[in-house]
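Let's take a friendly walk through a protein model, one stop at a time. Have the structure open beside you as you read.

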Amino acid sequence: MARILVNDNSSAAGKLKDNLQIMGHQIIYTDCHGEKAAQKAEELKVDLFLMNIPSENFFQMESKNRINETILNSNTPIIPVIDLTKIMQSDYSPLKQVLASSPHGYLLKNQVEDYDLDQLKFTIEMAIYEQGLSTKNNTDNSEDIDLNKDNSHLNKYNHLNDSSLNDELLKTFYDKIPLPYQSLNETGHFIEVNQAWLDTMGYSSEEVIGKWFGEFLAPGYVEMFEKEFPIFLSTGKFHSIELEMVKKDNSTINVFYEGKIEYHADGKFKKTQCIFKDITLSKKTEEALKESEEKFRTFIQQSLDGIVLLDEEGHVIEWNKGYEKITGIKKDEVIGKLFWEIKYQLTPPGRQTLNRLQHIMKLQLEALKTGEAPFLSKIHETEMIRPDGEIRYVEQLAFPIKTSTGYRIGYVTRDITQRKQIEEALEKRIVALSRPLDNAKEIKFQDLFNLKDIQEIQDLFAEATGVASIITKPDGTPITRPSKFCGLFNIMENLENDQNNPFKFDSLMGQNPFESPIIKKCLNGSLWEAGANINVGGKHIANWLIGQVRDQSLPDEGQMRIYAQQIGVNPEEYIQSFFEIPIMSKNQFRKISQVLFAFANQLSSLAYQNIQQTRFISERQQAEEDLQKSLHEKETLNRVITQLVGTSKTSEIYHIMGEVIKELLPSSYVIIGGITPNGKNIRIVECFGFEKYIDEIENILEIDLFKIKFPVNNLSPSGINYFSDHLTESTEEVYNLAFKKISTKLFRMIERVLNIGKVYNMGFYCNSHHYGGLSIALPKDQPLEHEETIETIVNQASMALQRSFAEKAIKESLDEKEVLLREIHHRVKNNMQIINSLLSLQSQHVEGEETLDVLKESQGRVRSMAMIHEKLYQSPNLTKIDFKDYIEKLASNLIYTYQVETRNIEQVFEVKDVEMNIDTAIPCGLIINELVTNSLKYAFPQSELNSNGIIKIELYQVEDQFKLVISDNGVGLPSHIQPEDTETLGLQLVNSLVDQLEGTLEIDRLQGTKFTIVFSELNYKERI
C-alpha cells in the first residue's frame, strides 16, 4: 500500500481516488498547487504525488517551465494528471513538452472515457518501483561507504567500479519484484530477465538471454518494435507502449511496457530497463464488452418492439427501427431531442394540455434524477397519434439504468393496435351474444358472424350456382356486398317506384319469416327470385336472397320496349341487360333455393349455438370474477380488521379506512371527516385521490382544508345523509363538508375538473355515538362497487374509533387520578414535614437530654415516613418505591442528625434493585430508621471512638421474599435485651413492625450486632 497525495477535488478526481482506494492505497488530499504542493508532498513523506495541472498553465512559458522544474527536482515522484477536455487540439504542443519532462509517466482523461484502470495501476506501480529502486541504491551506497569509518575492508572490491556494484544490487532487487523485468542491449538483444518474466512467458533463462526481443513478439508487432526501438534509444524512455508477445506454448499475451535507458558514468548507453504488465484479461474483457455492445445494438435495431434510450438529461440517444415503425418518426429526426417533448407530440389532441406536458416533464426529471418514478418498471397501455394522424395503441415499459452521473431511462414499446381491435370486436360480439333473445332489435347479424367469412361463402355460393346472392337486414338494407348481380339490377334499383324497383321487392319479400324458401316472380313479372330467413332463437335477424334468373321462354321485345318507356329507362340498355340474365329452369332454381334454405338454417343454428356458448362462457367468467371479487373483499376485510385491532390511534384508524376504500375504488376521491371531541364540529382528517390537486385547490381558494372546522348544525337539511349508518347517495355533502366557504359556482368548476359524478356518504356510528363521516366521490358513469364491503369496513372502523375514544377517555381519567394521587402524596409529605419542623422547634424549648432524644427519634420516624411519600410522588410508578435510593438517603439524614461526620463510622450499602409497595415500604423504612438510629446511638460509645466503626445495610429479594440485614461491628447488643420483651420504644416498635410485615426477626450478637428480617410484600387491604 502506498501513501498518495492528490490536489484535485473534481468529480473525475473523485472517481480516481475511489479507484486508488480500491487498489489498497491511502489517499491524502491537499488544496495546494505547483511548488507548494510538491513541498507539501515532501513534508508529508508520501510515496507518490498525483499532481493536477490546470490547463491554463500550459500556455504560459513561465508556468510551463516551473512545472517542468517542479517535476524534475522533486524528491517525491510526481505523475502529472491532465484533463484533455479542457485543452484545444491545436494546443497540444506545450502539453507534449510537459509530458516529456515527466520521468514517472502521466495520466490523461478524455471526454469519451475516464482513466484506464490498467494504465493507472501500471503507471503507479512503475513510479513506486522506480522510487523504491532509487531509495535502495542510495541506502545501500550509504551503508557500504561511510567516510567516518575505516573502509579498508572494501579494498577487495576495488576491481569493481561503482556501476558493477550497482548491477549486483539491481539484479538482487529485480529478482524480488513481482513485475516482469527485462534489459536489452543497444541492438535489442536480451541481457537479463527476472524470474517473474520467465514465469509469465514460460521460458528458461537459457532460452532468452542473447536472443533478439523481436523473436518473442507476435508477427504484427515486430515491425512496430523495429520502428519504435531506435526512438526509445534516442529519447531515453517510453511510457505505456502496448505490445503482443508470444509465450513458449505459442499462446499470446497483451502487455503494457514502461522503460528507460541506463547510461554509464560517461553518458554512453549501458542497457535498457523495462517492466511490463500483462493486460490480456482486461483486453479480452474490453473486446468482449465491445462485442457484447455490438450484439446488443444489433438486437435493439432488429427488435420488432420499439426501443428508446435517454441520456441523463432526457435527450434521445437511441431510437430503433421498431420505434420508427410504431411512431412513423425517423431516428434522425429525434436524436438529441428531449423525449418528453416527443412524447407530448405523440399524445392525441384531446389530451394535449399544458398540465399534461408539465406532468410528463416532471415525471421524466424525477426518474432521471432518482431512478424512481410511478411509471418505472410497470407495463402500462396508452395510445399515441402518428404524424400521419393514425392512432396506435401500445404497451410500454420504462426502466432506469444507473450511471456514474445519474440515471438513464430505457423504453420498450410494443404495438398492440391489432390486438386491441380484435379485443374490441370480440368484446362487441360477446356483448351481442350475451343479450336476451326476447329483444330481437338488439341482436345484429354482423355482431354474430365474421362478415369477411360470410362474404366469402356468399361469393362461392353465387359462383357455384350461377345466381346472384346478397344478405340483407329484415328491412332489406344490404349487409353484404352483392355477388354476381347483373346489369339489369343496377338499372332497376335506382327506380323510385316500389313496384318496379327489384331492391324494394327484395325488402318486401323478407319482411315476414317463412318456414321454407320462398320463390316468387319479381314485381315486373319477368324474373324469378328466392329467399330464406336467418333466425336466432325464433328471432328474425336477416334474409339471404338469390335470384334474377329467367326461364327458357323468349319475351316480346316490343312489349319490353313499351315497359322500359313506362318505367323511365333506356329501352336499348334495358333489353341488352335483360338478355344478359342467366337462363334457368324453374325446377333447377327450386333446387338451388332448397340448398340456400339449408345454408340459412345452418347459419341460424350456428348463431344460436354461439349465443348459448358465449352466454355460458360469459356467465362462467362473471362467476369467476364474482368469486375473485369476493375473495379479494374477504382478504381485504381480514387485513383491515387486523390493522384496526392493532392500533388505538384515531389518526391511524382514519388513514387505514381511507386507504383501503381508495384501494377498492381506485378512481374515486375519498374524504374522511372526523368529529371533534365536543361533537359540535367536523373537520377533514384525510383525503385520498386529491393528492395532485389539493395544493392547487388550496392555493386558489387560500384555504387550508385540514384546519377548517365545519359546525354540524350548519350543514344543509340534506346533510343528514352524512350521518347515515349506510352508504347513501348525495350530491351536496362534498360541498357542505369541504367547500361551503367558497361560491357554489367555483365549487362546480372544481367538480368538472375532477369529473365528479355521484357522491356517497356514510357516518361512523357505534352504539349511538357519532365519530365523523365518509364521503366517496365517483367519476361520472362509474357505478359504486364493493358497497357491502365498504359498509362493513366503516362499521369495523367505527367500533375501532369507539375503542380509541374510550381508551383515550380512560387514559385521561387515569392521568387525572395519577395527578390527584401525586398531589395527595405530596401533601402528606408536606404535612409530615410540618410535624417534623414542629418537633424540631419544640426540641429547642425543652431541657433534659432524655426529652431531646425522644423528640429527635420522633423526628427520624416522621422523616422516614415522609421520604416514602416523597419518593412516591417523584416516581414514574405510583405503586412501587425504589428502595436503594431511599435507604441511602435515609441513612445520610440519620448520620447528619447524630453528627456522625465527626466520628469514625463507615456506612456500607449492599442493596439490589428492589421495589416494594407503600404498605410494605413504610414499616420497612421505620425498621431501618430504628435499627440504624440504635447503632449510631449505642454501638459505638466514646471509649471506642478510635476504632473503625461499620454500619452495614443489606436488602435483596429472593423469589417472592425480601431479606433485610442491618449489622454493625460495635459493642454489641446486651444478651438480656430481647425485642419481644423490652422496655425501649425503638425495639418494641421494630418487633411490632416485623409482626405487621408478617416476617421473622433474628439477632446475631457474635461480632457486634446483626439483625436479619425476612418478610414478603404485603397485599393491598381494602380500607373502611
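Our first stop is a group of aromatic rings. Ring pairs join Phe 190, Trp 197, Tyr 203, Trp 212, Phe 213, Phe 216, Phe 225, Phe 229, Phe 232, Tyr 257 and Phe 276 into a cluster. Keep in mind that you are looking at a predicted model. Across the whole structure, a search finds 20 aromatic pairs. How do we describe such a pair? We give the distance of the ring centres and the angle of the planes.

Phe 190 and Trp 197 form an edge-to-face pair, with 5.3 Å from centre to centre and 65° between the planes. Now turn to Phe 445 and Phe 449, whose rings form a tilted pair with 4.9 Å between the centres and 35° between the planes. Here, too, Phe 445 is buried and so is Phe 449.

Next, let's visit a single residue inside a helix. Gln 364 belongs to helix H12, which covers residues 354-370. Is Gln 364 buried or exposed? Gln 364 counts as buried because its relative accessibility is 2%, and the cut-off for buried is under 20%. Who are its partners? Setting aside neighbours within four places in sequence, Gln 364 is in contact with Leu 310, Phe 339, Trp 340, Phe 375 and Tyr 411.

Now look for a sheet. Four strands form an open sheet in the order E16-E19-E18-E17, and their pairing is antiparallel. At the edges sit strand E16 (468-472) and strand E17 (518-521), each of which pairs on one side only. From one strand to the next, the twist averages 25°.

Helix H15 (residues 451-465) lies across E16 and strand E19 (539-549), and H15 runs at about 150° to E16. Helix H20 packs on the sheet as well, where H20 touches E17, E18 and E19 and has a direction about 15° from that of E18.

Between H15 and E16 there is a loop, and Gly 466 lies in that loop. Gly 466 is partly exposed, with a relative accessible area of 22%. Which residues does Gly 466 contact, leaving aside its neighbours within four places in sequence? The answer is Lys 484 and Pro 582.

Our last stop is a pair of helices. The axes of helix H20 (residues 586-645) and helix H21 (residues 650-664) come within 10 Å and cross at roughly 170°. That angle makes H20 roughly antiparallel to H21, because angles over 145 degrees count as roughly antiparallel. On the H20 side, the contact is made by His 632, Thr 636, Arg 639, Val 640, Gln 643 and Leu 644. On the H21 side, Ile 653, Ile 656, Val 660, Glu 663 and Leu 664 take part. Sorted by class, this contact of H20 with H21 has 6 nonpolar, 3 polar and 2 charged residues.

Key: Residues are numbered from 1 along each chain as its sequence is written. This is a predicted model: local features need pLDDT of at least 70, side-chain atom pairs count only at pLDDT 80 or more; totals for chains, interfaces and linings use all residues. Side-chain values use heavy atoms; hydrogens and water are left out. Axes are lines fitted to C-alpha atoms, for helices over the stretch in contact, and angles run from 0 to 180 degrees between N-to-C directions. Helices (H or I, at least four residues) and strands (E, at least two) are DSSP runs, numbered from the N terminus. Angles under 35 degrees count as roughly parallel, over 145 as roughly antiparallel, 65 to 115 as roughly perpendicular and the rest as oblique. Contact means heavy atoms within 4.5 Å. Ala, Val, Leu, Ile, Met, Phe, Trp, Tyr, Cys and Pro count as nonpolar, Asp, Glu, Lys and Arg as charged, and the others, Gly among them, as polar. Two strands pair if DSSP finds at least two bridges between them. Buried means under 20% relative accessible area, exposed over 50%, partly exposed in between (1.4 Å probe, protein chains only). Rings of Phe, Tyr and Trp (its six-membered ring) pair if their centres lie within 6.5 Å; planes under 30 degrees apart count as stacked, over 60 as edge-to-face and the rest as tilted.
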